[in-house]
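Please find below a colleague's note on the structure under discussion. It is arranged as numbered points, so that each may be checked against the coordinates in turn.

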Amino acid sequence: MKIIMLGAPGAGKGTQAKLIAEKYHIPHVSTGDIFRANIKNGTELGMEAKKYMDQGLLVPDQLTVKILLDRVAQEDCRNGYVLDGFPRTIPQAEVLDEALNKLGESIDYAINVDVPDENIVRRMSGRRACLKCGATYHIEHVPPKKEGICDVCGSGLVLRDDDKPETVQNRLKVYHEQTQPLIDFYTAKGVLRTVDGTQDMQDVFRAIMEIL
Ligand code: AP5
Ligand code: MG
């Protein structure tokens, strides 16, 4: 099964993608996580991506598309995957579509996790992330067992550089301009499904399970 998670920054794409990936035993592929891992390791790609990410801007399509296509060509993606944070622009969606077409494949579902902008800024300031394994917490909604420490791998948790309120505003603007048009794109393909992302996390997951 090939699934795309759509939604504003902080809508809960990553949270739900992890749950779906676990349930169906398919990889969770997040371009944001790939970029953050590269930044952490000080790679050239990471340094380039960071310039854009810190401002809340999108990393250029050219860079992003290559990384994503390489990732989904790996053996563990053979039976499907959950894409989180990709595609984020119409050109990215078109490239993905073409690549899948060549293989005689297509996306099964694009799940739009719908959360109004008002809720987003509040969520982001409470988020804490593990840059080592990609786990995400929220100081109120999903606190780690031990403050500041990742339950999964024991690394220190951080507030992402791009989760500062002024950057979040920028990310929302970029989302509405460049990513929201994908809702029409996948509606036209007949694969778009929308869930109310303001509900409790488990309720959002239940709604997604009903769709899948
Ligand atoms: P990326 O890492 O993809 O960030 P994003 O889309 O801005 O989304 P987030 O990861 O911030 O939010 P999320 O929807 O995953 O929410 P989460 O589950 O964590 O991208 C970062 C940057 O990388 C981009 O700005 C761009 O520069 C670059 N980039 C990445 N992909 C790119 C691409 N394809 N093209 C170009 N550039 C790209 O949840 C948020 C918080 O809320 C958490 O604390 C969570 O615990 C909590 N929460 C989740 N669900 C609920 C709920 N139901 N109720 C209460 N709290 C909840
Ligand atoms: Mg995420």
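Predicted model: local features only at pLDDT ≥ 70, side-chain atom pairs only at ≥ 80, totals over all residues.

The points below take up the ligand site, the helices and several individual residues.

1. Surroundings of the ligand. The shell around ligand 1 comprises 36 residues, of which Thr15, Leu57, Arg88, Arg127 and Arg171 come nearest. Sorted by class, this shell holds 13 nonpolar, 14 polar and nine charged residues.

2. Polar atoms at the ligand. An N or O atom in the side chain of Arg171 is 2.5 Å from an oxygen atom of ligand 1. The backbone also takes part: an N or O atom of the Gly10 backbone lies 2.8 Å from a ligand oxygen atom, and a polar backbone atom of Gln199 is 2.8 Å from a nitrogen atom of ligand 1. On its own, ligand 1 has 1000 Å² of accessible area, and the protein covers 96% of it.

3. Elements that build the shell. Which elements each supply at least two residues of the shell around ligand 1? They are the helices α1 (13-24), α2 (31-40) and α6 (117-126), together with strand β6 (136-138). The largest share, four residues, comes from α2.

4. Arg127. This residue, one of those that come nearest to ligand 1, is found in strand β5, which spans residues 127-130. Arg127 counts as buried because its relative accessibility is 14%, below the 20% limit for that class. His141 is 14 residues away from Arg127 in sequence, and their C-alpha atoms are 9.1 Å apart in space.

5. Helix α4. Helix α4 covers residues 61-72, 12 residues in total, and its first and last C-alpha atoms are 16 Å apart, close to the 16 Å expected at 1.5 Å a residue. Its buried residues include Thr64, Val65, Ile67, Leu68, Arg71 and Val72. Viewed down the axis of α4, the buried residues fall within an arc of 165°, and therefore line one face of the helix. Gln62 and Lys66 are exposed on the face turned away from that buried side.

6. Helix α6. Buried or exposed: how are Ile120, Met124 and Gly126 of α6 classed? These residues are buried. They cover an arc of only 160° around the axis, which places them on the same side of α6. Glu118 and Arg122 are exposed on the other side of this helix. Helix α6 is also among the elements that each give at least two residues to the shell around ligand 1.

7. Helix α8. In α8, which runs over residues 181-188, Leu182, Ile183, Phe185 and Tyr186 are buried. Their arc around the axis is only 160°, so they lie on the same side of α8. The other side carries the exposed residues Asp184 and Ala188.

8. The loop between β3 and α5. Pro87 is found in the loop between β3 (81-84) and α5 (90-102). The peptide bond joining Phe86 and Pro87 is cis, with omega about -5°. Thr89 has its place in the loop between β3 and α5 as well. Thr89 counts as buried because its relative accessibility is 5%, and its side chain makes a polar contact of 3.2 Å with the side chain of Asp61.

9. His25. Which phi value does His25 have? Phi is about 55°, a positive value, although His25 is not a glycine. In general, most residues other than glycine have a negative phi, and most peptide bonds are trans. His25 is found in the loop between α1 and β2 (28-30), and counts as exposed because its relative accessibility is 72%, above the 50% limit for that class.

10. Glu147. The loop between β6 and β7 (157-158) contains Glu147. Glu147 has a relative accessible area of 78% and is therefore exposed. Glu147 and Leu157 are 10 residues apart along the chain, and 8.5 Å separates their C-alpha atoms.

Conventions: Residues numbered from 1 in each chain as written. Chains lettered and ligands numbered in written order. Heavy atoms only, no water. Near = heavy atom within 4 Å. Polar contact = N/O pair within 3.5 Å; in protein donor to acceptor, adjacent residues only side chain to side chain. Areas by Shrake-Rupley, 256 points an atom, 1.4 Å probe, with all protein chains shown as cover. Nonpolar A, V, L, I, M, F, W, Y, C, P; charged D, E, K, R; others polar. Expected span 1.5 Å × (residues − 1). Buried < 20%, exposed > 50% of the residue type's maximum accessible area, 1.4 Å probe, protein only. Arc of directions from axis to C-beta.
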